[in-house]
Amino acid sequence: MKFKAEQIAGILEGEIVGDPNIEVSRLSKIEEGAEGSLTFLSNPKYNNYIYTTKASITIVNSTFVPESPITTTLIKVADAYKSFSKLLEFYNQVKLNKSGIETPSFISESAKYGENLYLGSFSYIGENVVLGDNVKIYPGSFIGDNVTLGNNVIIFAGAKIYSESIIGNNCTIHSGTIIGADGFGYAPNEDGTYNKIPQIGNVIIEDNVDIGANSTIDRATLGSTIIRAGVKLDNQIQVAHNVEIGKNTVIAAQTGIAGSTKIGENCMIGGQVGIVGHLTIGNNVRIQAQSGVASNIKDNETLQGSPTFGYSDFSKSYVHFKNLPKLVKELEELKKEILNQKNGNNG
């Protein structure tokens, strides 16, 4: 898809310096710009690249004045970085604006869907599914029985949404993610074997939630596993049965949350954090990467370590930990000196 400079300037309310009819079909970094690409310049340390870039169009701040001849067409705006971000959003909307039902795919006769549905090939829509308007389901996806998807939901290729799951408006589920699989519930027997406990709950995901690739959110044993509005989950995250994650909490990759833990609102959890089950984590909590959480956390705490403790205490302790071999050696030498003095006094 091609866009002219005058079209882009219209979207950004910018001023063109150069050829208004020049066309671009892709985006690029300014140092890697090629003919037919669009780039931007906002950081002064990259100024030298504007004189060598091959990009056809460059978005710049309105205050920018070239000091040497340039070949790229400029679009001057109040804030180049924000304008380029706006353009990325527009570009993404255009790129993802697919519609229609591809074949082969399957839609149950009892399923209902709204306007502008896109259903990719080799996808499956089960019994009594309800899909809102502008839903995009990419190829190879599975939507189980009695699932509800709100408006403007995107399910990328290969995602699996098990039965009874409820997903709100404006949610994005990336490839390989599984929502609503059985929670890890087993009862031990005297002979060492295990009986599976039926997992008959569901998963509820509220509005404006993004879930990264290859993440898993298990259905509840009873009741619901709940992801509240505005939550952002990275790739490869495990959310166990009956967990609840509060509004606008963000969690980085490879974090695992065990069953029935409740996480508050506006929390930030780093990558590879492990959280044991049946805990309560307060609001506005910060947990540093690779921490192990084994106890409840109050509001507004910042923690690190395994098991976690206060971030400032962890930082101070880590300084000593790094010096531990040296400290042990000094302690041994001091011990020998005291023993020698004691033996000398006894003699």
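Keep in mind that the model is predicted.

Let's start with salt bridges. The count comes to 4. Take Glu-206 and Arg-228. Their closest N and O atoms are 2.6 Å apart. Glu-206 sits in the loop between strands E24 and E25, and Arg-228 in the loop between E27 and E28, so the pair ties together parts 22 residues apart in sequence.

Arg-228 has another partner. Its side chain meets Glu-244 in a salt bridge, at 3.1 Å, N to O. Glu-244 is in strand E30, 16 residues apart from Arg-228. Together, Glu-206, Arg-228 and Glu-244 form a network of salt bridges. How exposed are they? Glu-206 is partly exposed at 22%. Arg-228 is partly exposed at 25%, and Glu-244 is partly exposed at 23%.

Next, Lys-196 and Asp-182. They form a salt bridge at 3.2 Å, N to O. Lys-196 belongs to strand E23, while Asp-182 lies in the loop between E21 and E22.

Now Arg-219. It is in the loop between strands E26 and E27. Which side chain of opposite charge is nearest to it? Asp-182, 4.0 Å away. Still, Arg-219 is buried and has no salt bridge. Its side chain does reach the backbone oxygen of Gly-180, at 2.8 Å.

Last, the largest pocket. Its volume is about 380 Å³. There are 14 lining residues, and those closest to the centre are Asn-92, Gln-93, Leu-96, Asn-152 and Ile-154. Helix H2 gives the most to the lining, with 3 residues. By class, the lining has 8 polar, 3 nonpolar and 3 charged residues.

Notes
Residues numbered from 1 in each chain as written. Predicted model: local features only at pLDDT ≥ 70, side-chain atom pairs only at ≥ 80, totals over all residues. Heavy atoms only, no water. 1 Å grid on protein atoms, 1.4 Å probe; cavity = no way out; pocket = protein on both sides within 12 Å on 5 of 7 lines; lining within 4 Å. Points joined across faces, edges and corners; volume = space filled by probe spheres on them. Helix = DSSP H or I, 4+ residues; strand = E, 2+ residues; numbered from the N terminus. Nonpolar A, V, L, I, M, F, W, Y, C, P; charged D, E, K, R; others polar. Buried < 20%, exposed > 50% of the residue type's maximum accessible area, 1.4 Å probe, protein only. Lys, Arg positive; Asp, Glu negative; His and termini not counted. Polar contact = N/O pair within 3.5 Å; in protein donor to acceptor, adjacent residues only side chain to side chain.
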